[in-house]
Amino acid sequence: MPDPFIAVRRIYDEPDSADGNRVLVDRLWPRGISKERAHLDEWSKNLAPSTELRKWYGHDPAKFSEFSRRYRDELAQPDHAPALAALTELVAGGGRLTLLTGAKRADISDATVLRELLIESIRSGP
């Protein structure tokens with residue numbers, strides 16, 4: 001199976017016609033962005049890291065590996081299963097998905113960890 005199309009972008013970037021479904025995965029609404037400008041299909045704040053984890057991490061690049069591990073542990077909890085399944089189903093069927101974050105560096109954000117997890121889930125199959 002080819003890799004699913006899952007992109008990670010900052011919500012402050014202009015929407016792109018190739019984005020497909022645009023899903024904000026932050027718990028807090030990003031400053032300075034109106035809902036109209038965001039062009040969201042969904043806001044999955046229940047998939048965001050816990051407040052405690054987010055505050056501990058503080059987007060410190062040195063903590064990204066440990067943040068990734070802890071966040072994956074959070075996402076493995078049963079209350080996240082329905083939202084993860086919905087995103088997995090969307091892209092497993094050939095859909096396009098863009099995970100959006102307000103973080104300054106998308107490459108060390110929760111959206112990047114979530115993208116990796118979704119791709120692993122799709123590759124491993126049902």
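The largest pocket in this predicted model has a volume of about 380 Å³. Its lining counts 19 residues. Asp 26, Leu 28, Arg 54, His 59 and Ala 103 lie nearest the pocket centre. Helix H2 supplies the largest share of the lining, with three residues.

**The sheet**

The strands form an open sheet of four, in the order S1-S4-S2-S3. The pairing is parallel. Strand S1 (5-10) and strand S3 (42-43) are the edge strands, each pairing on one side only. S1 and S4 are joined by six bridges in the parallel sense. Within that pair, Val 8 has Leu 99 of S4 as its bridge partner.

**Helices on the sheet**

Two helices are described here by their contacts and their direction. H4 packs on the sheet and touches S1, strand S2 (21-24) and S4. H5 lies across S1 and S4.

| Helix | Strands contacted | Reference strand | Angle |
|---|---|---|---|
| H4 | S1, S2, S4 | S4 | about 135 degrees |

**Nonpolar cores**

Which residues of the largest nonpolar core touch the most other members? They are Ile 6, Leu 87, Leu 97, Leu 99, Leu 114 and Leu 118, in a core of 23 residues. At least two core residues come from each of helix H2 (51-57), helix H3 (64-75), helix H4 (81-92), strand S4 (96-101) and helix H5 (110-124). H5 gives the most, with six residues.

Leu 87 shows how these parts meet. Leaving aside residues up to four places away in sequence, Leu 87 touches Val 23, Leu 47, Leu 97, Leu 99, Leu 114 and Leu 118.

A second core is separate and has five residues. Among them are Ile 11, Leu 24, Ile 33 and Leu 100.

**Arg 69**

Arg 69 is found in helix H3. Is Arg 69 partly exposed or buried? Its relative accessibility is 43%, so Arg 69 counts as partly exposed. The class runs between the limits of under 20% for buried and over 50% for exposed. Ser 44 is 25 residues from Arg 69 along the chain. The C-alpha atoms of Arg 69 and Ser 44 are separated by 20 Å.

Conventions:
Residues are numbered from 1 along each chain as its sequence is written. This is a predicted model: local features need pLDDT of at least 70, side-chain atom pairs count only at pLDDT 80 or more; totals for chains, interfaces and linings use all residues. Side-chain values use heavy atoms; hydrogens and water are left out. A nonpolar core is a set of buried Ala, Val, Leu, Ile, Met, Phe, Trp, Tyr and Cys residues joined through side-chain atoms within 4.5 Å. Buried means under 20% relative accessible area, exposed over 50%, partly exposed in between (1.4 Å probe, protein chains only). Contact means heavy atoms within 4.5 Å. Two strands pair if DSSP finds at least two bridges between them. Axes are lines fitted to C-alpha atoms, for helices over the stretch in contact, and angles run from 0 to 180 degrees between N-to-C directions. On a 1 Å grid over the protein atoms alone, a cavity is a set of points where a 1.4 Å probe fits but cannot get out, and a pocket is an open set with protein on both sides within 12 Å along at least five of seven lines; lining residues have an atom within 4 Å of a point. Grid points are joined across faces, edges and corners, and a volume is the space filled by probe spheres set on the points.
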